[in-house]
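Trainee: Could we go through this model together? I'd like to know what stands behind each label.

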Amino acid sequence: MRAAVLHEIGQDKLEVLDDMEAVGFGPGKVRLRVKATGLCHSDLSAMSGVLPQPGPFVPGHEGAGEIVEVGEGVTGLSPGDRALVCWLPACGACPACERGQSHLCLTGFMNAGTPNFKRPGGVPEDVFGFAGTGTFAEEVVLPAQCAVPIPDDVPYDIAALIGCGVTTGLGAVLNTAGVEAGSSVAVIGCGGVGISAVQGARAVGAAQIVAVDPVESRRQAGLRFGATEAVAPEGLDDAKNRVTSGEGFDYVFEVVGRSATARTAYEATRRGGTLCVVGAGALDDYLKLSMFELFFDEKRILPSLYGGGDVLRSYRRAVALWRAGRIDLEGLITHRVRLGEINDALDQMRTGESLRTCIQI
């Protein structure tokens with residue numbers, strides 16, 4: 001079986017190997033034949049060590065494919081079913097799930113500590129899958145909760161995007177921040193997740209949507225997907241003054257994952273407004289705020305993990321909006337590559353050339 005492997009954290013290239021095995025199949029598990037997978041910036045962050053991930057590992061967590069085998073006790077899934085990969089499954093029984101915050105369930109994170117792959121004769125033999133999955137592979141074994149059935153009319157590449165980036169961006173707007181019609185919005189960072197946030201803001205009727213990104217092609221993408229204007233980071237202050245008369249935006253979404261960008265987003269938010277932190281950052285990158293400004297400005301700071309809310313409901317909502325033509329998911333895919341070209345895709349994401357690259361396995 002072929003899979004793309006990062007041998008050591010900090011390396012910037014993957015090696016595509018053809019002697020890998022997907023391991024762990026048994027009761028409560030499914031074997032999934034990966035058909036399409038998206039390249040998410042979180043994969044790069046895990047490779048660089050910004051996000052904690054044991055190695056060696058197979059990146060990829062935004063995938064979809066066909067169920068080829070189901071283990072004992074698995075219900076609701078059968079060989080031949082089409083499914084997307086949910087990298088943050090809910091157990092349904094922990095305190096977070098019982099409170100209705102299933103996106104905070106730790107079951108998925110516990111999966112990340114168990115190897116998903118093996119390379120017989122390799123040193124070491126055990127290979128992990130990113131976030132307990134590892135979709136840069138021809139097959140992956142997953143807990144049954146990680147395989148969510150998809151309707152027949154949803155292509156694998158679209159389903160893969162819904163499995164992470166689209167759900168994260170839309171959910172930040174619709175679940176976490178609760179953007180209101182007629183409001184002003186700024187989105188800082190316009191990759192696949194940021195563009196999904198732009199689309200979410202447009203779908204709920206935000207009056208002004210400012211897309212902020214240093215890459216010109218991504219600013220243009222922001223305009224295509226619903227932003228009312230797009231500026232480079234150095235133009236944000238001017239946009240704030242023009243669009244909001246200097247007061248600040250009602251909602252600002254930080255989709256980069258850096259404290260400096262979060263600080264900029266905080267300053268762009270009006271008093272009483274909402275800063276929604278969507279980007280996944282490093283453990284040692286701290287956001288500095290004074291106690292006075294927290295008290296005096298009364299800005300809400302809302303982190304958004306995987307878009308907040310119930311992810312299964314968020315999947316269904318994304319499909320419904322896509323079917324109705326309210327959001328464009330096909331347009332998010334700017335590049336398509338085969339698994340053997342994965343390192344080209346990594347470079348395209350690092351330079352900002354791509355929004356989302358679909359890797360066809």
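Trainee: Which residue of strand 7 is the bridge partner of Ala64?

Mentor: Leu84 is the partner of Ala64. Keep in mind that this is a predicted model.

Trainee: What makes strand 6 and strand 7 a pair?

Mentor: Two strands pair if DSSP finds at least two bridges between them. Strand 6 and strand 7 (residues 82-85) have three bridges, in the antiparallel sense, so by the cut-off of at least two bridges they pair. Strand 6 (residues 62-70) is also joined to strand 4 (residues 29-38), by eight bridges and again antiparallel. There, Leu32 stands opposite Ile67.

Trainee: How many bridges are there between strand 3 and strand 8, and in which sense do they run?

Mentor: Two bridges, antiparallel. The requirement is at least two, so strand 3 and strand 8 (residues 117-118) count as paired. Ala22 stands opposite Phe117 of strand 8.

Trainee: Which sheet has strand 3 in it, and why are strand 3 and strand 5 called edges?

Mentor: An open sheet of four strands, in the order 3-8-9-5, with mixed pairing. Strand 3 (21-22) and strand 5 (57-58) each have a single partner strand, so one side of each has no neighbour in the sheet.

Trainee: What is the strand order in the six-stranded sheet, and which strands are at its edges?

Mentor: The order is 14-13-12-15-16-17, the sheet is open and the pairing is parallel. Strand 14 (229-231) and strand 17 (300-303) are the edge strands, as each pairs on one side only. From one strand to the next, the twist averages 20 degrees. Inside that order, strand 12 (residues 184-188) and strand 13 (residues 208-212) share five bridges in the parallel sense, with Val187 opposite Ala211. Helix 9 (residues 259-268) packs on the sheet and touches strand 12, strand 15 (249-254), strand 16 (269-277) and strand 17. The direction of helix 9 makes about 150 degrees with that of strand 16.

Trainee: Why are helix 5 and helix 11 described as roughly perpendicular?

Mentor: The axes of helix 5 (residues 165-177) and helix 11 (residues 311-323) cross at roughly 95 degrees and come within 10 Å. Angles of 65 to 115 degrees count as roughly perpendicular, so that is the label for helix 5 and helix 11. Among the residues in contact are Leu170 and Leu174 of helix 5 and Tyr315 and Leu321 of helix 11. By class, the contact has six nonpolar, four polar and two charged residues.

Trainee: What makes Phe57 and Phe130 an aromatic pair, and why is the pair called tilted?

Mentor: The cut-off for ring centres is within 6.5 Å, and those of Phe57 and Phe130 are 6.1 Å apart. Planes under 30 degrees apart are stacked and those over 60 are edge-to-face. The planes here are at 50 degrees, so the pair is tilted. Phe57 is in strand 5, and Phe130 is in the loop between strand 9 (126-129) and strand 10 (139-143), 73 residues apart. The structure holds three aromatic pairs.

Trainee: Where are the cis peptide bonds from Gly55 to Pro56 and from Val123 to Pro124, and what are their omega values?

Mentor: The bond from Gly55 to Pro56 has omega near -5 degrees, and Pro56 is in the loop between helix 1 (41-48) and strand 5. For Val123 to Pro124, omega is near -5 degrees, with Pro124 in the loop between strand 8 and strand 9.

Key: Residues numbered from 1 in each chain as written. Predicted model: local features only at pLDDT ≥ 70, side-chain atom pairs only at ≥ 80, totals over all residues. Heavy atoms only, no water. Axes fitted to C-alpha atoms, helices over the stretch in contact; angles between N-to-C directions. Parallel < 35°, antiparallel > 145°, perpendicular 65-115°, else oblique. Contact = heavy atoms within 4.5 Å. Nonpolar A, V, L, I, M, F, W, Y, C, P; charged D, E, K, R; others polar. Phe/Tyr/Trp six-rings, centres within 6.5 Å; stacked < 30°, edge-to-face > 60°.
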